[in-house]
Amino acid sequence: MSVQWFPGHMHLTRQAIAERVKSIDVVIEMLDARLPGSSANPLLGELTKKRPSLKVLNKQDLADPERTALWLAHYNAQPGTRAIPLDAGVAAPARALIAACRELAPNRGGMVKPLRVLICGIPNVGKSTLINTLVGKRSAKTGDEAGVTRTEQRLVLADDFYLYDTPGMLWPRIIVPQSGFHLAASGAVGRNAYDDQEVALELLDNLKLAYPALLLARYGFGLTAEALAQAPAEELLDAIGRQRGALVSGGRVDAQKAAELVIGDFRATLMGRITLETPEQYLQWLRAGQVA
Ligand code: G4P
């Protein structure tokens with residue numbers, strides 16, 4: 001089984017983005033720093049490949065800083081691309097984002113050629129939070145409500161800086177099975193698209209190798225890191241269920257409840273700051289997908 005997510009409606013979004021991109025200077029793609037590769041929609045890359053791109057690794061406060069550094073280096077090595085980490089609710093880094101956009105399009109700016117920026121991202125990645133932060137900051141600083149006007153999907157952040165919201169919904173698109181599990185673990189796809197137990201087992205299999213110390217600190221298990229690496233995920237889930245009292249009559253573990261606990265712990269950062277994939281892993285999955 002894998003995560004099955006067919007949101008539909010992408011055809012109209014594709015057309016609308018293709019139309020909007022014609023008059024755009026820089027594309028901001030918001031990614032979830034815990035799953036940068038999986039939270040990117042490949043359609044966007046396809047539609048905007050001729051435009052300078054700013055990758056925003058949002059929710060960096062929840063992600064593993066070492067892996068965030070790997071992803072930033074990965075994107076910054078691509079021509080016409082810059083990447084920055086962000087916590088969308090904090091004002092100062094949002095200012096850095098505006099400066100980064102200006103650097104990506106040095107020939108734009110000023111009243112004659114205002115900088116036109118398109119902001120995109122899958123639902124729940126933090127786009128509204130970022131827009132609110134950008135708007136709030138400007139109005140708080142200038143005290144001028146009129147300085148920020150919202151016309152349709154356009155935000156005027158400065159006289160020469162226009163931010164356009166994505167037309168339509170840019171749903172996640174699952175192109176490799178691992179991405180489906182990562183999107184499900186993060187809460188980016190609907191609940192009926194996946195099976196909690198399957199997602200929790202994949203998560204435990206991933207974390208026991210990538211973050212053994214965090215897993216042991218949260219759940220104990222009474223295992224060494226070496227033994228943990230060998231332990232089947234089903235046994236780990238069973239131990240977590242037992243430990244947390246997720247039991248059904250007869251003292252058996254309620255695997256569904258245990259799975260929900262594990263997924264909930266991950267989302268709430270209760271195991272620590274975790275990034276589910278590295279650039280190297282993600283590129284390997286893509287290559288394997290192409291071969292298959
Ligand atoms: P969207 O417009 O892209 O759909 O996403 P939105 O801004 O609504 O953000 C989705 C959730 O992610 C919100 O949490 C928001 O607070 C949280 N979020 C956004 N950016 C960040 C970030 O940089 N770091 C962290 N830790 N969280 C972020 P929520 O639980 O849905 O709502 P609430 O907690 O704000 O009430």
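**View 1. The whole protein, a predicted model.** Of the 292 residues of the protein, 38% count as buried; a residue is buried if 20 or more other C-beta atoms, placed from the backbone, lie within 10 Å of its own, exposed if 12 or fewer, and partly exposed in between. This is a predicted model, in which local features need pLDDT of at least 70, side-chain atom pairs count only at pLDDT 80 or more, and totals for chains, interfaces and linings use all residues. Residues are numbered from 1 along each chain as its sequence is written. The protein has 12 helices and 7 strands, which are DSSP runs (helices H or I, at least four residues; strands E, at least two) numbered from the N terminus. Along its principal axes the C-alpha trace spans about 70 × 45 × 35 Å.

**View 2. Confidence along the chain.** The pLDDT, the predictor's confidence in each residue from 0 to 100, averages 89 over the protein, and 92% of the residues score at least 70. Over residues 137-151 the pLDDT is below 50, yet this stretch has 16 contacts in the model beyond near neighbours in sequence. Two residues are in contact if their C-beta atoms, placed from the backbone, lie within 7 Å. The model scores ipTM 0.96 and pTM 0.92.

**View 3. The shell around the ligand.** Among the 15 residues around the ligand, A88, G126, K127, S128 and T129 come nearest; a residue is near a molecule or strand if its C-beta atom, placed from the backbone, lies within 6 Å of it. Helix 5 (residues 127-142) gives the most to this shell, with 3 residues. By class, the shell has 4 nonpolar, 7 polar and 4 charged residues. Ala, Val, Leu, Ile, Met, Phe, Trp, Tyr, Cys and Pro count as nonpolar, Asp, Glu, Lys and Arg as charged, and the others, Gly among them, as polar.

**View 4. Strand 7 and its partners.** Strand 7 (residues 161-165) runs parallel to strand 4 (residues 115-120), and 5 bridges join them. L115 has F161 in strand 7 as its bridge partner. Strand 6 (residues 154-158) runs antiparallel to strand 7, with 4 bridges, and L155 stands opposite L163. Strands 6 and 7 form a hairpin with 2 residues between them. Two strands pair if DSSP finds at least two bridges between them.

**View 5. The surroundings of L215.** L215 is found in helix 8 (residues 212-219). L215 is buried, because 25 other C-beta atoms lie within 10 Å. Leaving aside neighbours within four places in sequence, L215 is in contact with L207, K208, L228 and M271. The C-alpha atoms of L215 and L204, 11 residues apart along the chain, are separated by 8.4 Å.
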